[in-house]
Amino acid sequence: MKTFCGRANPTTGALDWVEESEEYDYHQEIARSSYADMLHDKDRNEKYFLGIRAAVRRVKSRGQQAVVLDIGTGTGLLSMMAVSAGADYCYAVEVFKPMADAAVRIVEKNGFSDKIKIINKHSTEVTVGPEGDMQSRANILVTELFDTELIGEGALPSYEHAHKNLVQTGCEAVPHRATVYAQLVESERLWSWARLLPLRVGGREVVPNPEETSCAGAPIVCDIQLSQIPPTHFHPLSEVLPMYRVDFSRPVSSSPERLTASFPALASGSAQVVLSWWDMDMDPEGTIICSMAPSWTLPDPENFPWRDHWMQCVYFLPVEMQVTEGEMVCLTLCHDDYSLWYNIQPDSQEGGDSESLISRPLCTCQAHMVWTRPRFGELNDPKRTDRYVEALKTIVRPDSVCLSVSDGSLLPIFAHILGAHKVVYTLENSRMSKKVMERVLAANDLTGIIQVLESHPQQLTSNSLGDEQVSVLIGEPHFTTSLLPWHSLYFWYSRTVLAGQLRDDVTILPQSASLCMAPMEFKDLWRIRAPCGSCEGFDVSVMDEMIQSSLDFSESREAEPHPLWEYPCRALSEPREVMTFDFRQRVPEEALKSEGSVTLSRKGRCHGVALWMDYHLTDDISVSTGLTQPPNQQGNCEWSSHRKQAVYFFSSPWESAGDNASSITYSLTFQPATGDIIMEFIPGPSRCATSA
């Protein structure tokens, strides 16, 4: 059986659907899963174990047998906890077959096969009765069905069904309840991710499309490691408010619901963003709490439980609203069976148009469907804009024929404002992207002055360009299909196929790009790829072997994209340019190769290598998609929050003494036919140390 998988193609800028064997999809699911991350989440594991022990004790104290239903069992860890805590029997439900098979092996390896039954079904398909999957209803319900938004994995419908069909009335539940918290804030940084904001270029203000300004935005939650947003980057307008509480030991409803909280504004400001997270009480008394709160809410922010499978949420209000200190404000939370959203209004209007308040926000301007949250932040970044403006000033002339090749870029507008008055073209790869750009142009009275072409570079003809040859080819480069940093080399392929439309003395911006690398020690990110071995005393090495097997399969061995600004890390050497791509020349037919080694000059544990692209706009002006400045003396890094960097993880960390005795040997091959970069990084003693 075959499966089709989407894969970015740097040579065409498209998302290709490639036919792969069924093993590919399976291995990708396992290799990129959060199972290892959850197993390394000691706080989560300990709190679950304490909650399960307490639930079993309560059932036993009533003289009853403890029969457990574990929905979403994964490795079977929680079921093994239940049996070791004294449960008489456990039904463990897992819908993903490879995971269910692994759970069977793990349960057997730990000696619990006689008391744990793995059921490879969705919980809503499980049957109860003499001939059913379960002999009787359970009196303890254990689940791990939660995501960063709490309910996004279908927790509410699963609980609703379980209470109706699979568990006894008055059952014990672990977790017992969950509470969603929210804090209303003003934040210039976070609001820059919500929509295009006005910016000044060459003495002129570039404004967004009015439809975008009034658009409620994309309904998808923005989940991030909120601990990495310093409190100085937002201005609280409310206390932390409990907004939504659900008791899992009682029947749960998945029906839409509207909840409100009224409060006096802490300060005057512009209400723009809601920061949100949740916690779980593992017992009815609330003495065992597992919290997702960001570090800056805690008494000891340096020692907070790190996890990546559960983070925090940022919700952007449909419109910003000015509030005055002391003014009563009403914050509204709505949810359906899979998602949450927020709105705000003066308390005097509470209960106004309830239908509009409870309706799920939808994008009407289409910009939120074209631009991601980080992309909005990138377009709104004034420092980045200044670099492009500075570079464009040196190359555009009144008689320039400019062509921009980037998805949803403002560079064509900049080029015109800065003096390219003859003609400016911009290529957009989709009808929706073309409409968004046309609306931005209309808002700035540039309709017809800048011509938007819905075309791929290979489809462009002389007639498309009015029989003119391009004298200035520009790009950020940014393409919506790019997953890894080097996927934006599609700009280079575009320049190559457009060669016939370019003047011999064409100016190209950026003129080149460099692939950069640095060996890294991660404070926590390493956990997502590290073997676990034993978890709370249970042998889960079967899961380690399963993940490693999938990581060794095909594409899973490659680097993977991560927004490193969310993950504190240290560079164990100075950054190194390891490969250069000259956009002034066509893509070569032969492979480009680069080999060498980087000496580890700082002490630490090297978990892998970070990679990113630096774009050289001119001889003197560059922009980076990686480090925003060189690492400090200790190696601490600050990363661009607009693009994801690539991380190549080692199978095990390499210890560096910081005395230049260790190094990372690298071998890179750029394959022009596919646009892929085949890479290998090997940690070991440095050559100097070996020869000595």
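**Entry: S464**

Which residues is S464 in contact with, leaving aside its neighbours within four places in sequence? I find Y425 and L453. I note that the model is a predicted one. I place S464 in the loop between strand 22 (450-454) and strand 23. S464 and Y425 are 39 residues apart in sequence, and their C-alpha atoms are 9.6 Å apart in space.

**Entry: S471**

I move on to strand 23, which covers residues 470-474 and holds S471. Is S471 buried or exposed? Its relative accessibility is 9%, so I write down buried; the cut-off for that is under 20%. I then follow the side chain. The side chain of S471 reaches the backbone nitrogen of V401 at 2.9 Å. V401 is also in the list of residues that S471 touches, not counting those up to four places away in sequence.

**Entry: T148**

I look up another loop. T148 lies between strand 6 (138-143) and helix 6 (155-165). T148 counts as buried because its relative accessibility is 6%. Which backbone nitrogen lies 3.0 Å from a polar atom of the side chain of T148? I find that it belongs to M311. I list the contacts of T148 too, leaving aside neighbours within four places in sequence. They run through H309, W310, M311, Q312 and C313, and they include D223 and W278.

**Entry: S262**

I turn to strand 14, residues 257-264, where S262 has its place. S262 is at 43% relative accessibility and therefore counts as partly exposed. Beyond its neighbours within four places in sequence, I see S262 in contact with M328, V329, C330 and D347. I also check S262 against R527. The two are 265 residues apart in sequence. Their C-alpha atoms are 40 Å apart in space.

**Entry: helix 4**

How many of the eight residues of helix 4 (77-84) are buried? I count seven, so I note the helix as mostly covered. The buried residues are L77, L78, S79, M80, M81, A82 and V83. Just after helix 4 I find G86, which takes a positive phi of about 115°.

**Entry: the whole protein**

The secondary structure comes to 17 helices and 36 strands. Of the 692 residues, 58% are buried. I look up the contacts with a separation of 6 or more; residues 24 or more positions apart account for 77% of them.

Then I check the dimensions. The C-alpha atoms fill a box of roughly 90 × 75 × 50 Å along the principal axes. The radius of gyration is 28 Å. A compact globule with 692 residues would have one near 26 Å, so the protein agrees with that.

I finish with surface and charge. The accessible surface comes to about 28200 Å². Carbon and sulfur atoms hold 48% of that surface. I find 58 positive and 91 negative side chains. How far apart do the centres of the two sets lie? I write down 2 Å.

Technical notes:
Residues are numbered from 1 along each chain as its sequence is written. This is a predicted model: local features need pLDDT of at least 70, side-chain atom pairs count only at pLDDT 80 or more; totals for chains, interfaces and linings use all residues. Side-chain values use heavy atoms; hydrogens and water are left out. Helices (H or I, at least four residues) and strands (E, at least two) are DSSP runs, numbered from the N terminus. Buried means under 20% relative accessible area, exposed over 50%, partly exposed in between (1.4 Å probe, protein chains only). Contact means heavy atoms within 4.5 Å. A polar contact is a pair of N or O atoms within 3.5 Å; within protein, one must be able to donate a hydrogen and the other to accept it, and residues adjacent in sequence count only if both atoms are side-chain atoms. The radius of gyration is taken over C-alpha atoms; the globule rule is 2.2 Å times the number of residues to the power 0.38. Accessible areas come from the Shrake-Rupley method with a 1.4 Å probe; for residues, only the protein chains shown count as cover. Lys and Arg count as positive and Asp and Glu as negative; His and the chain ends are not counted. The place of a charge is taken as NZ of Lys, CZ of Arg, CG of Asp or CD of Glu.
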